[in-house]
Amino acid sequence: MRVVGVISPRGRLRRTPSPLRESEYRKLRTTFNTMSEDERTSWNRRYREKSHLSLAPDPFLVQTYDEFIHPLFPRGREALDVAGGVGRHALFLAQRGWRVTLNDISEVGIDQAKAAADKRGLRGIEYVVCDTSEFNFGRARYDLVFVFFYLERSLFPKLRKALRPGGLLVYKTYTHEHRKYGRGPAHPMYFLKDNELLHAFGDMRVLFYRETVKERGVAELVARR
Ligand SMILES: C[S@@+](CC[C@H](N)C(=O)[O-])C[C@H]1O[C@@H](n2cnc3c(N)ncnc32)[C@H](O)[C@@H]1O
């Protein structure tokens with residue numbers, strides 16, 4: 001493997017000494033730095049077209065809330081919703097007494113989340129519009145961190161560090177099994193490999209893990225720091 005650059009803390013590609021010609025490097029850098037801009041544009045468009053507007057929480061969050069979140073934190077504390085879109089999960093938790101930080105790259109999605117929260121009189125949500133590579137996850141800041149249908153592997157150590165001792169990580173996204181259904185993300189890098197979440201967070205106490213192979217391939221994880 002040829003290493004041509006490193007990703008800076010701000011998510012930019014910087015060159016390392018390599019045999020790559022300047023023109024090749026520039027092309028690569030432009031491609032990388034425009035990727036998140038493309039994501040933002042394309043999610044803004046989808047949210048404007050109202051194709052991803054559902055505020056119904058994913059059944060796995062509801063189940064996890066009953067089985068783990070509520071029993072461990074009956075009064076609600078601080079949560080982080082990573083790449084949370086229109087905030088269906090942030091709203092669900094805010095309605096149950098949690099203070100939630102909702103992050104997403106799409107300002108249109110976040111505006112819709114804010115409108116939905118205002119309509120319900122929910123004040124416990126902080127909104128942070130930015131690329132996850134620029135988000136400050138901090139250290140031991142949250143009791144609950146959750147990620148649904150978003151995969152950026154470089155964040156895994158940050159998710160773990162952001163949790164307070166005893167805090168919960170809830171993660172659900174597509175596995176490679178999903179590709180046969182011809183829906184979901186286009187690029188193979190957005191699909192989990194077999195057992196990938198289990199291995200990535202195996203140093204935590206895994207309270208729940210499963211992979212499905214029917215209807216759509218997903219992995220679901222609940223792990224405690
Ligand atoms: C499939 S949606 C899932 C939204 C939400 N987690 C849910 O389950 O309802 C993926 C989300 O990731 C966001 N996203 C994509 N790239 C991102 C990035 N680099 N930083 C932050 N958010 C990003 C999109 O704007 C979109 O809201």
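The dialogue below takes up the ligand shell and then the sheet with its helices.

Tutor: Keep in mind throughout that this is a predicted model.

Student: What makes a residue part of the shell around the ligand, and which are the closest?

Tutor: The criterion is a C-beta atom, placed from the backbone, within 6 Å of the molecule. By that cut-off 16 residues surround the ligand, the closest being W43, A83, G85, I105 and F148. By class, the shell holds 6 nonpolar, 6 polar and 4 charged residues, and helix α1 (residues 22-48) gives the most to it, with 3 residues.

Student: Why is the ligand said to lie between domain 1 and domain 2?

Tutor: Residues of the shell come from both domain 1 (2-48) and domain 2 (59-224), and therefore the ligand is placed between them.

Student: Why are β5 and β8 called edge strands?

Tutor: The open sheet has 7 strands in the order β5-β4-β3-β6-β7-β9-β8, with mixed pairing. Since β5 (125-129) and β8 (205-211) each have a single partner strand, one side of each is left without a neighbour in the sheet. From one strand to the next, the twist averages 10°.

Student: How do you know that β6 and β7 pair?

Tutor: Pairing requires at least two bridges, and 6 bridges join β6 (residues 142-148) to β7 (residues 163-174), the two strands running parallel; L144, for instance, has L168 in β7 as its bridge partner.

Student: What does helix α2 lie across?

Tutor: Helix α2 (residues 59-72) lies across β6, β7, β8 and β9 (218-224), at about 170° to β7. Helix α4 (residues 107-119) also packs on the sheet, where it touches β4 (99-104) and β5, its direction making about 165° with that of β5.

Methods
Residues numbered from 1 in each chain as written. Predicted model: local features only at pLDDT ≥ 70, side-chain atom pairs only at ≥ 80, totals over all residues. Helix = DSSP H or I, 4+ residues; strand = E, 2+ residues; numbered from the N terminus. Nonpolar A, V, L, I, M, F, W, Y, C, P; charged D, E, K, R; others polar. Domains from an automatic or database assignment. Axes fitted to C-alpha atoms, helices over the stretch in contact; angles between N-to-C directions. Contact = placed C-beta atoms within 7 Å.
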